[in-house]
Amino acid sequence: MGFDQARVNRIFRPETYAQGVPYGLFRELRAQAPVCWVEEPAVGEWPAGPGYWAVLRHADVKQVLRSPEDFSSHLGGTQIRDPDTPADLEFARAMMLNQDPPDHSRLRRAVAAAFTPRALHELTTAIEERAAELLRAVRHLGEADFVPIAADLPVWTLARILGVPEQDRQLLVDWSNRVIGYQDPDHARSSTADPSRLTDMGRSALVHRPTALTTRGGHPLNPRSRVRLRPRARRTATTGQHRRADAGSRAEGRRVRDDVLPVRSRR
């Protein structure tokens, strides 16, 4: 392979990215080991995983993405950390990201109406206005911590696309932190949403929040397991029900035809 395994494993370790993306390391790997085995070592309270192949060159990545018959998203899911149980794998396969054609193609068609050129133009304009609003709010200070400013925009954008009310947006922050930052102690148990400020739909999602965050063996629950994702699934399904029941949302319903989970359930 031409590279020390411990050096290759650095691309998996969170501390590698504490000071930014290690572009130099990736450049070296692309030149000397463009397809390399990563051992997936233990990180904090998370046990070691079975390992995975990292594909690092653009042309090779394109080939993988275009060859679902050889490189399946459905077979084991797309996340580096494998589901803990067969039931969790089956649950993960309900997500569009973890599907191969024709299922993936069917769901892409179902949500395509939300991403027409006209809809994207409207969304772009709204994002630019939101960004300007965020900067105006701190301009008079002369300086500001940019992290919360930068963190607001993607969550605000997702909330707008998904139709999440402003009162419930902090739920998206918490859920994103737990799923994406599960190896970071500061994010793995993120719970910043104030229940008193949530809508009824938001509070109904919290009812399904798991009380235990570890397995019987003492390991953390996979953030993408059925148990950990239940509040998000409940919130998505409830949003879809409210949209369909609200006659005033019909115009929006023509643009965003349905939520992914309800669409899948009609198969």
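Modeller: E40 sits in the loop that runs between strand 1 and strand 2. This is a predicted model, where local features need pLDDT of at least 70, side-chain atom pairs count only at pLDDT 80 or more, and totals for chains, interfaces and linings use all residues. Residues are numbered from 1 along each chain as its sequence is written, and side-chain values use heavy atoms, with hydrogens and water left out. Strands (E, at least two residues) and helices (H or I, at least four) are DSSP runs, numbered from the N terminus.

E40 is not a glycine, yet its phi is positive, about 55°. E40 is also buried, at 2% relative accessibility. Buried means under 20% relative accessible area, exposed over 50%, and partly exposed in between, with a 1.4 Å probe and protein chains only.

Now the strands on either side of that loop. Strand 1 covers residues 35-38 and pairs with strand 2 in the antiparallel sense, over 4 bridges. Two strands pair if DSSP finds at least two bridges between them. V38 stands opposite Y52 of strand 2. Y52 and A54 form the covered face of strand 2, while W53 and V55 form its uncovered face.

A pocket is an open set of points on a 1 Å grid over the protein atoms alone, with protein on both sides within 12 Å along at least five of seven lines. Lining residues have an atom within 4 Å of a point.

The volume of the largest pocket is about 1,700 Å³. A volume is the space filled by probe spheres set on the grid points, which are joined across faces, edges and corners. In total, 44 residues line this pocket, and Y52, W53, T78, Q79 and I80 lie nearest its centre. By class, 25 are nonpolar, 12 polar and 7 charged. Here Ala, Val, Leu, Ile, Met, Phe, Trp, Tyr, Cys and Pro count as nonpolar, Asp, Glu, Lys and Arg as charged, and the others, Gly among them, as polar.

T78 takes us on to N98. N98 lies in the loop between helix 4 (86-92) and helix 5. Its relative accessible area is 0%, so N98 is buried. Leaving aside residues up to four places away in sequence, N98 touches S73, H74, G77, T78, Q79, A92 and R93. Contact means heavy atoms within 4.5 Å.

The loop between helix 4 and helix 5 also holds P102. A cis peptide bond joins P101 and P102, with omega about 10°.

Finally, Q79 and A92 are among the residues that line the second largest cavity. A cavity is a set of grid points where a 1.4 Å probe fits but cannot get out. This one has a volume of about 60 Å³. Its lining has 2 nonpolar, 3 polar and 3 charged residues.
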